[in-house]
Amino acid sequence: MSLRKNHKFILNKDRTNTKTIILVIFPQVKGTLIDQKFKNNEKLLFSVNGSIIDESTYQIQRIDQIINNKRQFKLPNLGNIILSRSSLTFNISNIPEFVISLKEFKEEGSLKNFVKDNRNNNLYEIFVIIQDYSNLYLRIDTPEYPLAIINKKNVAIIGLGSGGSLIALHLAKSGIGNLTLIDGDIIMDHNIVRHICSLKDVGRYKTLAVKDYILDRVPTIKITTVEKPFSRENKNIEDFFDSLLAKVDLLVSATGDNIMNESINEFCYKRNIPIIFAGAFEKIIGGIMIRIDPRKKSICYRCIYKKYGNETIFQKPQIIDKNYIKNYGRDVKDMLTQPGLGIDIDLITLPTIKFILSTLLEEKDIDESFKSDIYYWFNKNIHGQKVETFVLYREDRMLEKIPDCHICSKIISKGN
Ligand SMILES: [Zn+2]
């Protein structure tokens, strides 16, 4: 438990009969709850010591009590807090009830109240301390995982379906400081069994529902949302995305829409933005992740899916029959409308998240987990094909660029 770093904590030593009780409360109370939930007249979220509860009476889970000599212990039976529209009422074991107005609560990071107990002639000095988030990443901030570097990263995700939303959530939990979420779709009831959001989000934009889901868990992250699909259909729209994505370190495409993927490919390659494409094979029988890094002049998405005559073929399939893999994403506009279990999508999404983190750390030589730029994954054995489930297959061979590809084979300069 760490207190707000700039919090000056001075106990009153002069009062002989004063007992000091410190209530520690997490700041959802101050930010999310009061400012947003009250304004929208929504059911309230309350957080006491990290446990978010959505009823109106909350059991107090931690109190530090300090009596004069600063001896500190925890009370076993703590009582509860009752939240109303204008105040918090504290019913704490063995001391008189006291009330703090929400107005006071919003204005100060911590509050000091005195409560007189007439029966026992005690005076209780009660500090309500709003906890900071300095412990949020305590369990992941290690020398092996440089959180300070990750926290400066800015990642954009196009497509907030089952895959994209899980990617966004785990990037946030992994300490990414900035996310930009782009999707024009709303949540439908049939999305729920494969999506992080719930039935209460049906009818909302995926971007906004995912943003709320993440902020309830990682309130320190900065999230920008765009409620329209990525597009370059005219100069105004391209300029909009140009300015939106100007400071992005990496872009993730989880749309499953290959026409959009080709557009993303060209857009990012011109601007030197690395891209990770995440996609599923038909019926979510497996999936693929592709890294395109224009900074290294790597092969582009268009060249990976070369056209042979009228056919588009994923070139040189290493693992399985090319007649099977050639159809990846090319014939179906939206892969995520295909049947398949949520767990199958999650299983191909989770390695993609590690792939993204590894790519973000690659430049610092901290993480070299993924040597190749293309990996496959299968959720079940395929008849007649030598593939295993739960194995990440690496594409080792160099794929050939289309001669004179207008995207990846010429000299790139910004704004070109
Ligand atoms: Zn190319």
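Predicted model: local features only at pLDDT ≥ 70, side-chain atom pairs only at ≥ 80, totals over all residues.
How does the protein score as a whole? The average pLDDT is 76, with 65% of the residues scoring at least 70. Residues 41-55 are another stretch to keep in mind: pLDDT there is below 50, and the model gives this stretch 35 contacts beyond near neighbours in sequence.

Now for the overall picture. The protein has ten helices and 21 strands. Of its 416 residues, 33% are buried. If you take contacts between residues at least 6 apart in sequence, 59% of them join residues at least 24 apart.

Let's zoom in on two helices. Two packed helices are described by the angle between their axes and the distance between the axes. So which values do we get for helix 4, residues 162-173, and helix 5, residues 206-215? Their axes come within 10 Å and cross at roughly 30°. Angles under 35 degrees count as roughly parallel, so helix 4 is roughly parallel to helix 5. The crossing of these two helices is right-handed.

Which residues make the contact? From helix 4 we have Ser165, Ala168, Leu169 and Ala172, and from helix 5 come Lys206, Val210, Tyr213 and Ile214.

Methods. Residues numbered from 1 in each chain as written. Axes fitted to C-alpha atoms, helices over the stretch in contact; angles between N-to-C directions. Helix = DSSP H or I, 4+ residues; strand = E, 2+ residues; numbered from the N terminus. Parallel < 35°, antiparallel > 145°, perpendicular 65-115°, else oblique. Left-handed = near helix turned anticlockwise from the far one by under 90°. Contact = placed C-beta atoms within 7 Å. pLDDT = per-residue confidence, 0-100. Buried ≥ 20, exposed ≤ 12 C-beta atoms within 10 Å, placed from the backbone.
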